[in-house]
Structures are given as structure tokens and as C-alpha cells.
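The structure comes first, and my entries follow.

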Amino acid sequence: MSFFPPLSKKVKFLTLLTAFLSAISIFSFVYADNYQWTFISNSSNASDWVSIAVSSDATHVYAVRNADYIYKSDDFGASWQQISSVGPYNWRSIKTSSSGANAIAVANGGQPWVTNNYGGSWTPFAGVGLWSAAAMSPDGGAIYIADQTGAVFKTTNNGPDLASSMNAGSEVSEISYSPDGNKTVLSTLGNGVYYIDFEGWHNSNVGDQNISSVAVSNGGTYVAAATDGYVYLSTSPETNVWNRVNSLGIKYWKSVSISADGNTIAAAAYDDSIFTSTDGGTTWNEESIAGVKAWNGVALSYDGTLILAASSNSYLAKANLVSGNDFYYNDSNGNHDWGTVANWWKDSSFTVPAGKLPDSNSDVFIKANVIDNSDALPHVKNLDISNDSFVGTPVTVTENTIIHDTSSLSSTLTGNAYFYDSSSNGGTVNGNAEFFNHSQNGSTVNGNAVFHDSSVNANQVTGTAVFNDSAHNNDGAEVHDDATFNGSAENFGTLGNNAIFNDSSILVAGGALGNATFYGDVSDIQPSQVYGTPSITGTKIRRYTADITTSRDFTAYGSNWTVIADGAVVDITNATHDSSTIFTTLNGGSFYDANQMPQDSTRPTVGNISSASSDGTYKAGDSINIGVGFSENVTSTGGVTVTLDTGGSCSFDVTNGAAGTCNYIVRPGDNSSRLTVTSIVGTIVDQSSNAMTDFTPLSNLNQNKNIIVDTTAPTISITSPTSGTTNSFTPSVSWGDSSTCQYKFDGGSYQSAVCASNGSDIPTPPDGSHTLMIRGTDTVGNSATSSVSFTYTTPTQDNGMGGGNDNGNNESTTTVPRPPSSSSGNSNSSISITLPNNSVVNAPAYVVKSIVTKLQSILQSLLRLVQNKNVPTGESNSSTMSSPDETNASPTAPLPAPVATTTEQVMFTHTLTLKDSGPDVKKLQEYLNSHGFVIAKSGPGSPGNETDKFGIGTFTTLIKFQRSVGISGSGFFGSTTLDYVNSHQ
């Protein structure tokens, strides 16, 4: 596909193509800074990229453009396909599931669209709206979407049952799932960050409340937030603890992404750079090769090794995590300049010059036909070869080697190795090895080995070996340690120690130098006409299961056999041990050679029950480890269930082990003063098939650990105020046994209260309707809330200027504004006021300042009324009016600057929002600048330099103006603000 729009003239096309090829030559440098960067699209004529999303391994990538279409890539962003059936729309966000099979895209003024087949087809759901953000769970089963009003909705079936989830109070900028799906967070343009747990949504205050992006690691352990100012990191958003990354400086941060383990973080700034950290935010690196661009989105793979980024400059870029400081360069003519590379990735045939192979623990990925073996690969971290490739010289690999597609190893490899699809080991693996799909060990594995799917060991394994699914240990091959055969696997070679044969597996020839045990009614030992009779040096045990009771056929080769059926042992002392004898038994009979030890008849029992979890108190959602010991090694069938005195339970399986563990998740309503196991249920047998019948533990959990379960929330209530209308605000609440007490008004952020005050420190709200909500949290973390809705009216009295009176005292009162917070100055200072009846009243300073400010506003309005409407015909409209007592005005609340008069009012007819443009935006900036709300002191947006771009400066200034006139500070120039401005010119 092409990222460039069609051009009408051939010369334009050739010019653009030349520029594009030139850009490819420039940007094919792969620098090993923190990441290797490659630019995918850099057309200056294409529309803006606004959002990008990647699957866990970054194989599948989705991106959207403003006023354009959805695009997808299935090869790490190397090539792209335009989804022309959807759009064009003003896209705002796109998110994907971990596999990349599912994706959700939302637009401003369109329907949400989903795909469930890797972008092959897309389906709309819900309605047309001003959608601003979306998120998809890692498994693709759940979707969140949000609009510019702050409303958040959720669906678990791609839309038909869309349900309201919460309202964030301001525009939602991003919603993010953790990679494991256990935590969801969202960011807002005004109200900070929200996270959700089993109690619902909670607000977390960040230092800068205009949050443009948020990301979360597995389990919600690490959270990163990007703002119009700083990047913030938190490991405890529920307690409002955020650490500002001062080293990154103040920038317009647009996007942030975090790896599953929280160690790798990427943050992108608009008109600036991308910065990365690979140590959890301790140190940061500026990705200078990516360059300064209008970055809008950045997305990391699950492990943080891959980055995809999108910008408003029409750039898409991708990068691989590297180490070291060297680079590999491949120019547009195919020339290669090999250095001591940190990361080496090659996708076509080539020959490596002598002495130019990587060193210094590098990653090596060779997707080629042949790699020249004239030079050694001395020290690499990972090696991946395929397509008839081979390694013919010694290689030290510190991590993994993958060899597939009939590729081979013909020399020494240090490190673990994996062989796929008929690939082979013709050399030496000094580590563990695993073989799949007809792969073969033709030489030596100096470690353990596993063979799957008809793979074979044709030489030797010095450690243990497991053969699965028709895999073979060939004639002449050796396994020096224990060997296990499963699923029709066969041994023709020599086994140096003990051997176990399961599920139709057979000892065909060769022999075991240790003990041999045959499980299942069809696993067996058989002679071979070609290879002879197998031999077993140690003991020989034949075990029959209990599910076949009619007959069991068994041929005993040699002596010293113990044959066990249904857990019972029968004496076969007088049996003839030769190849012609077949023993048949009915209904549980068996054969026993008197030379063997007597059968174990002791049943296993439960030992001590303890826990790896620490002593202490646990709440709902916490995990508590339960460990159950046994008197001997046992095996369970169908799982073992442990029930606690809370009524909760957990289960585990045990295979030939002396203990089992499981994790009990505390449920709401579970309580225990000292956690105790009440029952253990399961089918458990020991190695001699003795079944457990007594499940009474030797010592219980409560005897070994002091674990308390407490899910009871504090009992809290509001006695005053009560529902209805009141002019007396005297809060009275009961906090119960809360250790942390908080309150909030009207869905705002929780504020701290002193529990011992019983609500007396909750401040008086302004006149109007309110909802007071309190929250109490005990020392464990159990929380409860209580709320009351009421209307508060400030009591009025007669002051000789209108209004009522108080018992004839004529003391003047007015609506008292809410006191400022302690951080805004001394809220306890007061000013003496002499009333018309010569009485003196001491009033708080903030009250007097508020009254003076309102009087100044009234005088200014009268001034404009006289200037605009009361000028006689023919007179100059240049008269001014002064405040009656300007010299006595509060020095902390000056009169707004006079507004230039005009005979024609500026009327607004369109609503406006962030990123809009046009003449109405410039009129709005002129209005704000001329009414005391200056957007910028100098430059674009300053008085006389207004622009037609609705940027973040206009957004934040409009919020301040809205709040000053009693309008909700949303930053959206809607109908309410428009009507106010038109009536207050």
C-alpha cells in the first residue's frame, strides 16, 4: 500500500517518489542507542497519524490518521494495508488485544468499529458520538469506550449490550488495560487518573490534572502518566502517590507506554522527542535518531523490545531494543558496512566477511539461506537460523539458539538449543536441547534433552531424556541418565540409569542400566528380531491400572520382576521366566517374585498445613498461600480441594511429591480471626497405590500461622446535613473504626479529614445543590462510603440595603464564599467592616475580597453599559467611568483591565474544542485576552498575536475563565459558555 495521496500530475508523483527514496536511504541507518529506528512513512502530504497500537509481540500493528482510514500491518510494521471500507473519520484512538486478532477504533463524530479477525473485516456498534478514547482487554473479550463529556461505557460482546460504567467529569483522553488484564486505568483532560477495582472506579490525583495518556504494567504494579508538563510514575495510584520525572523537563507529553514488567517505559512529546527508560524510569535516554517531531502515539511490545510510534508530521517509525553503541548500515544500493554490532538482524542471503561477526553478547537473528562459516561467532546472546542455514564453527550462546526449517548445527554450541521442522544437531550442544517435528540429535547434548513428534536421539544425551509422541532413542544411541517414554515412544538404545515407560511406550531393544518401571496396561517390553532382547540391570516393576479388570497379559523377560495390579502384589515365585510364558489374571490378580521387597501397605496421611504468606491481616482480593504436606510422596487424580473456615477454597495437583500448594483468594464477606483449614478432599495415592483415607492434618494452619481475614468495611454514616434545603451547614458524621477518613463534594476528588473530628472539619460549600460523600478506610484497606444530597442557602439578614434582619440587629450579611485551602495563604486573617448603622463587624479576609471582586465586576459592567448604550448622538464614545473608591480597592483583587469599546458586538455562533481551527478560535482568544484571561504573555496567543488554532493554551485559559463565571471548567466552548460570552461582551 502507499501512504501518499494520489497526485494528478506525473511530475508531482516523480518528485514525491524521489523524495521518498531519498528518505529511505537516509533513515535506513540502524543506530544502537537504546533502540534501532527505522522510518516507515514520512510523507509531508499525508494526513496526521493520531494513534497506534501493537500486539504483544508487535507482529500486528494498527494505526489511524485524522480525517482518513484505519491501517494495519502483519509484519512488524514493514508493510501496510489501508482499510478503505471504514472511514474516512476523525479518528481519536485505536487499541488491540494481546494477539492482535481483535481491535477497536473510535472517532470524533463516528461510530466505534471492531474487528475480530486481524483486521480482515470491521463491524460498527453503538451510535455516532464524540468518542475520545477506547480500550480492549488482552483476550479481546471486553471493550471500554468514552466520549468528550467524560462518560465511560463497557461491553463484553462488541457493543450490542453497551452499558454505562462511570463518568469521569471531563474528557477521557486514554483508557489502558494492563497486559495481563488485571487492571484498567484511564486519563482525563482535567480530573487526573481513574483506576478500577472490585469496588468500582476511583480517582487518583496527579500533580498536573490534564492527563493526555496513561499506561499500566501487569497487575497494576507500575503506572505511567503523560501530561501537558511532566511525565509521572506511580506504584501506588490508589494513595495518590505520584513521582514527577523532573529530568525529562516540561514538555507537551502526548503518549506513554510501558512493558508488562514495568522495566521499559517510552514517552513521546509533541514537537519534541521520544524518550525511553529500560530501568523502570530511573534513567532516561533521548531517542535522537527518531528526531523532533509532533509525536502523537507510542506503543511498546509486551516485553518492551519493540516500539512503534506515530506523529502529526505524517511519520510512522519502529525500533528494536539494542545494547552497545555500534550500528549496522545497509544503504539503498545493498551495500553492507559491518561493525561490532550490538544487534544483528538480517532477512536475506549474504556472506559475512571474515572478522566481521558480532561479539559482546549480541543478539543474532539470521533469516538467510547460508551463513559463511569461515569465521567464528564467539559470543552472542540469542541465535536464530532457518531455511537450510547452518553453523559450522563453535558458537558461545548465552541464552537460546533456535534452529528450524531443515537447518543444522555442525559444530559446538554453548547454551540451550531448540530444533524445529526436521532440523538437526550434528555438533555438540553444551546445554539443554529440545527437538520438535522429526528433528534429530545426531551428535551430543551435554545436558538434558526432550524429543517430540517423531524426533529421535541418534547419538548421546549426557543428562536426562524425555521421549514424547512416537519419539525414539535409536539403536546405538545413549541416554546417560534417567529416561521417560510417553505416547508410543520407543527405546532401541542404551539407557544409563532408571527408565519409565508410559502410555503404550515400549522398551524394544537395548537396555536400562538402572531400574525400569512400566505404567499402563499397554506399555511393555518386547524383543526385536533385528536388535535382540532388551536387558534391565536393576529392578523391574510392571504396574497395571485399576480400570481394566478382565485380563492382563504379561510376558516376563528375565527374572526379578515385581508385577502390581490394582495396588495388590501376588507371589509369582513358581512362575517360569522366559519369553514363551504369558501370565493372565482376572479381577485384580497379580504376580510377585519372592526375590523382591514386600509391598508397601501403609496409607499416606496429611502432615503439617502452613503458608508462605506472612502473618497479618488480609482483605478481599488478597491472595493467601496454602501449603499442605504429606507423610510421603503422593499423586493426586482430579485435584485436591482445600476448604477454609471462611468458606473459601483453593485446589492443587500433586505428582509424586510430598507437598502441594495453592492460592486462596479472599472474597468479599470472608472473615476469620485465625485462618484454619476445615477440610481436604481429593483422590490421593502413594507410590505403591495406597489410597489416602484419613485427611486429618498433623497440625493445622492456625497452629502454624497467625493469618487474619477481615473484609468487613467500617460502619460510617452522615447525621448532618440531612436531605433537603438548609441554611445551616454543621457536618456531623460517624467514621466507625476507620483509620483513614475522606470527603468530597459533587463527584470531585476526595480530601483528607481528621477521623476524630467527626466531620467538623468539612468546609461549608457555596450556595446551591450538592452531594456530600464520605469514605472511611480501615487499617487493612476495607472501605465504605455514605452520601447525602442537599441544597445549601446562606442565611441573609437586613443590612439596610435590602434583605432580612436578625432580631433587629441590622447586621449585614452576604453569600459567603467557600474558604480557600491552607495552601493558598492565611485563611484565618480578617478585616473589620463598619456598617451603615456604625456597627463594626469582623469578616474573614477572603469574604471581603470576594465581595470587592464582585463589586468591581458590577462597576465594570456599568461602565461598558454607559460606553456602549448611553452615548448621546454626535458625542464621542470615549468617556470612562471610575470606581467610586478605587484607592480603597483590595490590592489583591484589582479591577479587570478596561475593554476596548466598540459599537459592534462580536457574536459567537459555533461551539469549539481542542484542536479546532478557524476565525471563531481567534475571536475567542481575543475575548479571553481582553477580559483579563491572557493566554500567553508573548508570542502566539498573546494580546495582538491571536491565532486561529485551538491549542492547549486556549484550552487551559478557557477552563480558568469558565470556573471564574460559575461554569464547569471543561475547556469545551459549548452552548452554555457561548451564550454567556454573547451576553457579556
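Does Cys662 count as buried or exposed, and what is its relative accessibility? I was working with a predicted model, and in it I found Cys662 at 6% relative accessibility, so this residue counts as buried, since the cut-off for buried is under 20%.

**Entry on the disulfide of Cys662.** I then looked up the partner of Cys662 and found that a disulfide joins Cys650 to Cys662, with an S to S distance of 2.1 Å. The pair links distant parts of the chain, for I located Cys650 in strand 67 (residues 649-652) and Cys662 in strand 68 (residues 657-665), 12 residues apart. I checked Cys650 as well, and because its relative accessibility is 7%, Cys650 counts as buried.

**Entry on the other disulfide.** I counted 2 disulfides in the structure, and turned to the one formed by Cys741 and Cys755, whose sulfur atoms lie 2.0 Å apart. This pair, too, links distant parts of the chain, with Cys741 in strand 75 (residues 740-745) and Cys755 in the loop between strand 76 (751-753) and strand 77 (768-777), 14 residues apart. I noted an angle of 110° about the S-S bond, and the link of Cys741 and Cys755 is right-handed. For accessibility, I found Cys741 at 2%, so Cys741 counts as buried, whereas Cys755 is at 22% and therefore counts as partly exposed. Counting the bonded cysteines along the chain, I wrote down the disulfide pattern as 1-2, 3-4.

**Entry on paired strands.** Next I followed strand 47 (residues 465-468), which runs parallel to strand 44 (residues 449-451) and is joined to it by 3 bridges. In this pairing I found Ala449 opposite Ala465 of strand 47. Strand 47 also pairs with strand 50 (residues 483-486), again in the parallel sense, and here I noted 4 bridges. For Val466, I looked up the bridge partner in strand 50, and this is Thr484.

**Entry on the whole chain.** How many helices and strands does the chain hold? I found 6 helices and 80 strands. The chain has 985 residues, and buried residues make up 47% of them. Among contacts with a separation of 6 or more, I noted that 40% are between residues 24 or more positions apart. Last, I looked up the accessible surface of the chain, which comes to about 44,000 Å², with 48% of it belonging to carbon and sulfur atoms.

Note on methods: Residues are numbered from 1 along each chain as its sequence is written. This is a predicted model: local features need pLDDT of at least 70, side-chain atom pairs count only at pLDDT 80 or more; totals for chains, interfaces and linings use all residues. Side-chain values use heavy atoms; hydrogens and water are left out. Two strands pair if DSSP finds at least two bridges between them. Helices (H or I, at least four residues) and strands (E, at least two) are DSSP runs, numbered from the N terminus. A disulfide is a pair of cysteine sulfur atoms within 2.5 Å. Buried means under 20% relative accessible area, exposed over 50%, partly exposed in between (1.4 Å probe, protein chains only). Contact means heavy atoms within 4.5 Å. Accessible areas come from the Shrake-Rupley method with a 1.4 Å probe; for residues, only the protein chains shown count as cover.
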